[in-house]
Structures are given as structure tokens and as C-alpha cells.
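Subject: Structure for you to look at

Hi,

Here is the structure I promised to send over.

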Amino acid sequence: MRVRPTYTEEFKADAVAHLKRSDQSVGKVAEGLGVSVVSLRSWYKREEMAKKKGKGNGKVVAANALKGHDVAPNQVARDFTATRPNERWVTDITYVWTDEGWSYVAA
């Protein structure tokens with residue numbers, strides 16, 4: 001079984017800083033650092049997104065909590081078993097940063 005490497009936040013920040021200073025391609029920088037291109041791009045994009053929005057570490061928070069409202073209590077408690085029709089209705093919303101701003105998806 002292949003073990004996925006883990007990197008410290010300091011290493012990730014240093015890798016992104018090196019990428020920004022370098023005139024080499026992402027692939028060459030990643031190869032020189034011994035990391036995958038996918039990882040390096042992910043760290044770069046996360047830093048850019050945090051910088052654009054000033055959100056810091058990128059942790060997900062309930063949208064209404066960001067606006068100073070209370071988060072509704074979890075009455076379902078992850079038990080989605082229904083004893084009759086229309087007893088449990090659930091939905092989910094997520095959002096992704098794009099070049100055009102936040103894109104929201106609800107289901």
C-alpha cells in the first residue's frame with residue numbers, strides 16, 4: 001500500500017514562495033522539491049484564494065455563522081431513517097471559488 005506523504009504548513013508556504021520567485025515551470029519546481037505537481041498547484045491556489053478573500057486558513061464554516069447568525073441545531077443528528085413518507089427532508093449547499101467569484105451549488 002502506498003503511503004501518502006504529509007507536509008507541514010511551513011513547508012507548503014515555502015514551496016509556494018519558491019514557485020512565485022522561480023522562473024521555472026510548476027513541474028520543474030515540484031520535481032526539485034520532491035512533491036507532486038497536483039500538490040504544489042493546490043497549495044498555490046489555496047494561498048491565492050485566501051489572499052483574495054482574506055479568509056485566512058480556508059476552513060469551512062457554516063455560511064450563516066459568517067454573518068453573525070446562530071447555526072440551527074442539528075435535529076436529525078445524522079439519522080436519516082424515516083418511519084413514514086415526508087418525515088425527513090434534507091438539503092446541502094456548497095460553494096467553490098472561481099475566477100468569476102463564488103459559485104454556489106445546492107441539492
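With a relative accessibility of 75%, A107 counts as exposed. The cut-offs I use are under 20% relative accessible area for buried and over 50% for exposed, with partly exposed in between (1.4 Å probe, protein chains only). The C-alpha atoms of A107 and T94 are 9.0 Å apart, and the two residues are separated by 13 residues along the chain.

Before you read on, some ground rules. This is a predicted model, where local features need pLDDT of at least 70 and side-chain atom pairs count only at pLDDT 80 or more, while totals for chains, interfaces and linings use all residues. Residues are numbered from 1 along each chain as its sequence is written, and side-chain values use heavy atoms, with hydrogens and water left out.

Salt bridges

The search of the whole structure turned up five salt bridges, each being a side-chain nitrogen of Lys or Arg within 4 Å of a carboxyl oxygen of Asp or Glu. E9, K12 and R46 are linked in a network of them. E9 pairs with K12, with the closest N and O atoms 3.3 Å apart. Those two are three residues apart in helix α1 (residues 9-21), so about one helical turn separates them. K12 counts as buried because its relative accessibility is 15%.

E9 also forms a salt bridge with R46, where the closest N and O atoms are 3.1 Å apart. Because R46 lies in helix α3 (residues 37-53) and E9 in helix α1, this pair ties together parts that are 37 residues apart in sequence. R46 is partly exposed, at a relative accessible area of 34%.

Another of the salt bridges joins the side chains of R84 and E87 (3.2 Å, N to O). R84 is exposed at 52% relative accessible area, while E87 is partly exposed at 29%.

At 18% relative accessibility, E48 counts as buried. Its side chain makes a polar contact with the side chain of K20 (3.2 Å). A polar contact is a pair of N or O atoms within 3.5 Å; within protein, one must be able to donate a hydrogen and the other to accept it, and residues adjacent in sequence count only if both atoms are side-chain atoms.

Aromatic pairs

There are six aromatic pairs in the structure. Rings of Phe, Tyr and Trp (its six-membered ring) pair if their centres lie within 6.5 Å, and planes under 30 degrees apart are called stacked, over 60 edge-to-face and the rest tilted. One of them is Y7 with W43, edge-to-face at 5.3 Å centre to centre and 70 degrees between the planes. Y7 is in the segment before α1 and W43 in helix α3, so the pair ties together parts 36 residues apart in sequence. Y7 is partly exposed at 25% relative accessibility, whereas W43 is buried, with a relative accessible area of 8%.

W97 and W102 are also edge-to-face, because their ring centres are 5.3 Å apart and their planes lie at 75 degrees. Both count as partly exposed, W97 at 23% relative accessibility and W102 at 28%. Ring pairs link W97 and W102 with Y95 and Y104 into a cluster.

A pocket

The second largest pocket holds about 370 Å³ of space. Its lining includes Y7, K12, W43 and R46 from the sections above, along with R4, P5 and K45. Helix α3 gives the most to this lining, with five residues. A pocket is an open set of points on a 1 Å grid over the protein atoms alone, where a 1.4 Å probe fits, with protein on both sides within 12 Å along at least five of seven lines; lining residues have an atom within 4 Å of a point. The volume is the space filled by probe spheres set on the points, which are joined across faces, edges and corners.

N86 has a positive phi of about 60 degrees although it is not a glycine. Most residues other than glycine have a negative phi. N86 lies in the loop between α4 (63-66) and β1 (93-98), and N86 is exposed, at 60% relative accessible area.

Cheers

Notes: Helix = DSSP H or I, 4+ residues; strand = E, 2+ residues; numbered from the N terminus.
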